[in-house]
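Dear colleague,

Please find below the structure that I am handing over to you.

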Amino acid sequence: MSCPHHPAGGTGAGERIVQEEGAQLDFSRDMSYGDYLHLDAVLSAQHPLSPDHNEMLFIVQHQTSELWMKLMLHELGAAVRAVAADELAPAFKMLARVSKIMEQLVHAWDVLATMTPPEYSAIRPYLSNSSGFQSWQYRCIEFMLGNKNAAMLKPHAHRPDLLARVEAAWRAPSLYDEALRLLARRGLSVPASHLERDWTQPYPASDAVEQAWLEVYRHPQQHWDLYQLGEELTDLEDAFRLWRFRHVTTVERVIGFKRGTGGTSGVGYLRKMLDTVLFPEIWKLRTDL
């Protein structure tokens, strides 16, 4: 039986174009797109537990966010090493990419926000105590950006392999710590207390550190790459704040002020996190400049 748009035995325009382009069509012996990306594994990793149609959205949104976070960790780790090695040109590229990744994570909430309260309520019992609060990749990102908190190691204690990775990020100097060490290597006056300290502790803001950044921002031509580093850090925290805000509003839209599945107060906890400032002196100098 012939297709109504194809004469019997004929070749459609699309097929002719493919043939003319010389596109490879036989992958019985060569690696295909799906092979390279291991799509069988990726696309078979969605296992809804409820009979509800909307659980697939919930799973895919969180899995894709974790993939973006994997790339963010890849870029952040390389950026920290580059700053520590005084290789700022590649660090700028990596940090700009991290900010763009964060934009993707911000827009991911737009998709999840299409889930209405009744739809979420249908799947919530099947989530048990699982929560994004327990994401080890997110915790590594927070630690690498300087938001250190020893209590956040505990959700990973049952997985020694993951605990080791999160703890390594907790113990290491953050991106901002390495930025301050760089300022000191360039001859700017950064207090010794901020160059060698217990990296597991939250970052303590310092007037002396702000003065070092003010020197950079008052004389950008003399410190151009440090000035650019300051703006890359500003872009990154700006994007991170947007991600946090969008998270809060999406959660409130979907579940209101119910407690989170992970045991936190939900929206109340997320609102408190909005007050966290990662690079305080870079923001304060804008008032004092």
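**Findings**

Met31, Tyr33, Tyr36 and Leu37 form a nonpolar surface patch of about 510 Å². (Patches consist of residues with over 30% relative accessible area and no salt bridge, like charges being joined within 9 Å and nonpolar side chains, namely Val, Leu, Ile, Met, Phe, Trp and Tyr, within 5 Å; accessible areas come from the Shrake-Rupley method with a 1.4 Å probe, and for residues only the protein chains shown count as cover.)

This is a predicted model, in which local features need pLDDT of at least 70 and side-chain atom pairs count only at pLDDT 80 or more, while totals for chains, interfaces and linings use all residues. Residues are numbered from 1 along each chain as its sequence is written, and side-chain values use heavy atoms, with hydrogens and water left out.

The whole structure holds 17 salt bridges (a side-chain nitrogen of Lys or Arg within 4 Å of a carboxyl oxygen of Asp or Glu). One of them joins the side chains of Glu75 and Arg97 at 3.0 Å, N to O. This pair links distant parts of the chain, as Glu75 is in helix H4 and Arg97 in helix H5, 22 residues apart (helices, H or I, of at least four residues, and strands, E, of at least two, are DSSP runs numbered from the N terminus). Glu75 is buried, at 6% relative accessible area, whereas Arg97 is partly exposed, at 37% (buried is under 20%, exposed over 50%, partly exposed in between, with a 1.4 Å probe and protein chains only).

Asp86, Arg185, Arg186 and Asp225 are linked in a salt-bridge network.

Yours sincerely
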